[in-house]
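Subject: Handing over the structure

Dear colleague,

I am passing the structure on to you with this email, and below it I have written out what was found. Please keep the structure open while you read, so that you can look up each place as it is named.

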Amino acid sequence: MNLPADGRTLDAAKKGSADLIILALVEDEPLHGYEIASRLERSCQGTLRFTLASLYATLYRLEERELVRSRWVERAGQRRRRCYRITDKGRKALAVQREDWSRFIAALTQIAGLRPA
Amino acid sequence: MTSPDWPLEIRAAAARVGVHLDDATVEELAEHLDDIYSAARRDGCSDEEAISRGRAALQESTLEVLRHAPSRRPAAPHHIAPDGGRRLNMMAALRLALRQLRLHRGFAAVTILVLALGVGATTTVFTIVDSVLVRPLPYRDPDRLVTLWDTSARRGRMQERISPVNFMDYRALPVFEGAAAWWRPSLNLTDPGLDPLRVNAIEVSGNFFDVLGVRPQLGDGFPAGGPFSVQREPLVVISDRLWRTRYNGDPAVVGRLLRFNERPHLVAGVMPPRFHYPDDIDVWQRLNWDLTQHSRAAHFMEAVARVRDDTTLEQAAIAVETLARRLQTDFAQTNRDWTVTLIPLLEEQLGYYRPALLVLAGAVGLLLMIGCLNIASLLLTRALSREREIALRIAMGASPRQLLVQLLAESLVLSSFGAVLGVVASAVALPALVRVAPSGIPRLDEAQLDVRALAVAVAIAVTTTIVFGLVPAVVLVGRKIAADLRSGERGSSRGARRAYSVIVVGQVALACTLLMSSALLIRTVVKMVTTPTGIDADAVVTTSVQLPIPNVVARLAVQQSRAIADTHELLLERIRQQPGVVSAGAASVLPLELDLRLPLEIDGDATPVRADDRSIAQYHAVSDGYFETMRAALASGRPFSKFDTADAAPVVIVNEAFVSRYLEGRQPLRRFVITNTRYIGVVAQNLMVKDGDPRLPTSLTPARFEIVGVVKDIRNMPLGQPVEPAVYFSSQQFPFREMHLVIRATTTTAAVAAVRASLASTAPSVPMGVVRTWAEQMAEKTQDARLLMTVLIFFGVAAASLAALGVYGLFSWSVAQRTRELAIRLTLGARPVSVGAGVVRQSAALVAIGLVVGLGIVRVSEAVLTRVLIDLSPHDPGSLAAAGILLAVVAIGACVPPAVRALRVDPVEGLRVE
């Protein structure tokens, strides 16, 4: 296993975890893009961030894989927003990913001597 | 200050990195940036700061990652409506199409207008053709009904009225379930307290309504099963129109006695509204004389027959022709050369209108096709101009299917708007057209837009959509645009050019067909209107008066006829004395209408063995003052005077056609013509033919009439047919009960007042016929052709304009495409003029091909065209050349602006185009 020996480690990990993060965020309620971004920022104080393009590229990819589904929602007096909700397939994928990541993190914790934040 | 135009900034940013974002994505990203901006403002940031946060978010984004994102086109399956239901892909495509068309308003407007023109014209003409030509007549099994006509090819009479005796023979044939016959007497209706009225009437066999299969709305009609014709009790059936206008719709009119020509007739029924068969008839009088007791040589009846259900029309035609051949031998004296023709009722009813409507339908079809070709070229142009956009979409992963759906949606939107607008236009135009159309077109007043017309409009819309939306789309998508994109070349490929050329040739060809047909019709109408009629009588007022058979003085027919002659003469004399009247006269028939053709002999010529070989001429009776009033010129001799009475010497005036036919090279004046025609039914009697040998019941002494004058030909046949030989008798020597009065006066009002006053003092119970000036009569006689011409001119101009637009479009596009090539050629020293000439040359070649094809189409449609052209061949070189040249000038003219543009190509700019 070749891991780059600089900050790119985190980048790669983030990239790999992007699907997991977004699926988790929309697990409980449908959210639009900005809500997803701002919740993520709030909950990890800026450690994890999507750029505008990467957030939507990910959302579109998830949607194409039918893990989330979007719809335009119009509310009185507001602009219409596209909201994303998780699909059944998405829930299954989320469960699998959670499992994988838990094992991975447990392994890392043990091997690399990580400590929970 | 408010937030910036985020969509614009996003597109600009995307364009900088060569990414094309679809509208939905841009909208979503813009919302996001706006949220960042709003959040910053809520956090207390200044406006500039809030904006720069948004911009920072955009700038740190590498939009390239969205390049390979699945298309967020509305057609994508994830697109769900706010109502929760799934939208059809097509619906989303339609929304996008609407937006696209809003962006290209000019293109949309032109396309929709062209389509609306096509759909409107087609729907209108379809409705007219449908209600006049296609919809069944309101009779029982109308396709079993035929009309019977005597025909004689040798005499050039292809549709002559039938002889009553022959009719009775044909009627007995087993191929017919029944046959009815009638003739047209003139009836005056007098009711106490009401103005006397001339009614349009036929005297008809008692089975008439049974043959047609129509029943009166009131009353029983003529009793069924009675004898065919001889019935002593005079019965009439009247029309709904007469019933409502004269008797206020009083049902008690049935069973009442009405006085027609002074004889009481029992009203046996009232027909349903709009029943006026055979034409504008208001009174059907039951026949009360024996048809078999008439003459086989007298052709004056009309007939309709119902062919049995188990017999085809062809079989029926063969049966009557076989019988006609037998009658030819059995009654050679009268029936030689005569046969009979069956014409289906509908065809006969339509007459000129049938070919005219077919021409109209053809014309509108052509116009629609030109319109569609135009739309095809518009759509093609637009598709070509979007080549890069489409290439980008394909590069971004849009599937060909998605692109097709999108292009299809756009043309669907266009054609729907066009169809709606066209139907609205048609709804407005149809009533207007019905109002201006000749009143004689049967059933035109029933024409209304209905479901079927709407179906036609929808069908046109759908067809244009599929054909003309799909073709450019297929051309484009099939052209491996990705390759073009890579190479950066413009896609002025041969395929598109060829498609374009075909469209232009098609447009020119169709426009050429329309213009040539219009030109032929124009020539026809001009010819009709300018045909010399032999008279100069535009201002002359015409009307007619029919005197009843007088029951005065004596029962003798001769004395009655003398009384009629005297009354007419007195009436004319009184009219001439009225203020404002310049001159007045009377004739048994007015010009342009054919009167009875009867035999006569030229004194001194050998009498032919067979009666049939005798000279035939039209018999007219005219009063003194008639030729003067109509300003007909005499070639020699004198006109009639008031002294040419029944007691004076018998005299006639002949026309020039008579002289050249029967008296070629001989002096006509003081020569004698001999006739033994004494009666023309109950309408006229020749007073100069006397009773002969009293021992022989039918013996007559033929009368010798001296030719005292030769009148220059007055047209005595419908327009377009040659003048026939005619003999004019003095109306005092050969009086007709019904005479047409002609009055030249200072004003029309003065003329009408003069007739009214004189009639009131001479024959108060006699109604005055319809009053019209001669100019109005002429206009009426040419109105069918004029209306058709007007419509065709309109279509022709529309077609030529559309074709010119097509040519212009092609060459504009072509020059734009070739700017670079032209620039290179100019740089290499080509002279600008030769470059421009090249463009014109190309267009001339296409136009020439189009003209040739168009000429071919005219040739193919000759059969129909011939039937609407009067006295003009469909090959008339003048008309064809005029139309061809006009179209060529317009079409080649249309490519001048693009050619000029080609001339002005700046080599440097041209090379920098890409």
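The word buried means under 20% relative accessible area, exposed means over 50%, and partly exposed is what lies in between, with a 1.4 Å probe and protein chains only.

Before going further, please note that this is a predicted model, in which local features need pLDDT of at least 70 and side-chain atom pairs count only at pLDDT 80 or more, while totals for chains, interfaces and linings use all residues. Residues are numbered from 1 along each chain as its sequence is written, chains are lettered from A and ligands numbered from 1 in the order in which they are written, and side-chain values use heavy atoms, with hydrogens and water left out.

Where the two chains meet

With contact meaning heavy atoms within 4.5 Å, 29 residues of chain B are in contact with 25 residues of chain A. The area buried between the two chains is about 2500 Å², and carbon and sulfur atoms give 53% of it; buried area is the accessible area (1.4 Å probe) that two parts lose on being put together, summed over both.

Between chain B and chain A there are seven residue pairs in polar contact, both residues being at pLDDT 80 or more. The elements that give two or more residues to the side of chain B that touches chain A are α2 (23–42) and α3 (47–60) of chain B, and α2(B) gives the most, with 12 residues. Sorted by class, this side of chain B has 14 nonpolar, seven polar and eight charged residues. Here Ala, Val, Leu, Ile, Met, Phe, Trp, Tyr, Cys and Pro count as nonpolar, Asp, Glu, Lys and Arg as charged, and the others, Gly among them, as polar. Helices (H or I, at least four residues) and strands (E, at least two) are DSSP runs, numbered from the N terminus.

One residue to look at is B:His32, which is found in helix α2 of chain B. Is B:His32 buried or exposed? At 4% relative accessibility, B:His32 counts as buried, and among the residues that it touches, not counting those up to four places away in sequence, are A:Tyr34, A:Leu52, A:Tyr56 and A:Arg81. A polar contact of 2.7 Å joins the side chains of B:His32 and A:Tyr56; a polar contact is a pair of N or O atoms within 3.5 Å, where, within protein, one must be able to donate a hydrogen and the other to accept it, and residues adjacent in sequence count only if both atoms are side-chain atoms.

Salt bridges

Side chains of opposite charge can pair when their charged atoms come close. A salt bridge is a side-chain nitrogen of Lys or Arg within 4 Å of a carboxyl oxygen of Asp or Glu, and a search of the whole structure finds 35 of them over all chains. Between chain B and chain A the count is two salt bridges, and A:Arg81 forms a salt bridge with B:Asp35, with the closest N and O atoms 2.4 Å apart.

Within chain A, A:Asp19 forms a salt bridge with A:Arg61, the closest N and O atoms being 2.9 Å apart. Because A:Asp19 lies in helix α1 (residues 8–25) and A:Arg61 in helix α3 (residues 52–64) of chain A, the pair ties together parts that are 42 residues apart in sequence. A:Asp19 is buried, with a relative accessible area of 8%, whereas A:Arg61 is partly exposed, at 34%.

Within chain B, B:Asp280 forms a salt bridge with B:Arg241, the closest N and O atoms being 3.1 Å apart. This pair links distant parts of the chain, 39 residues apart, with B:Asp280 in the loop between β9 (263–270) and β10 (283–286) and B:Arg241 in helix α8 (residues 240–247) of chain B.

With best wishes
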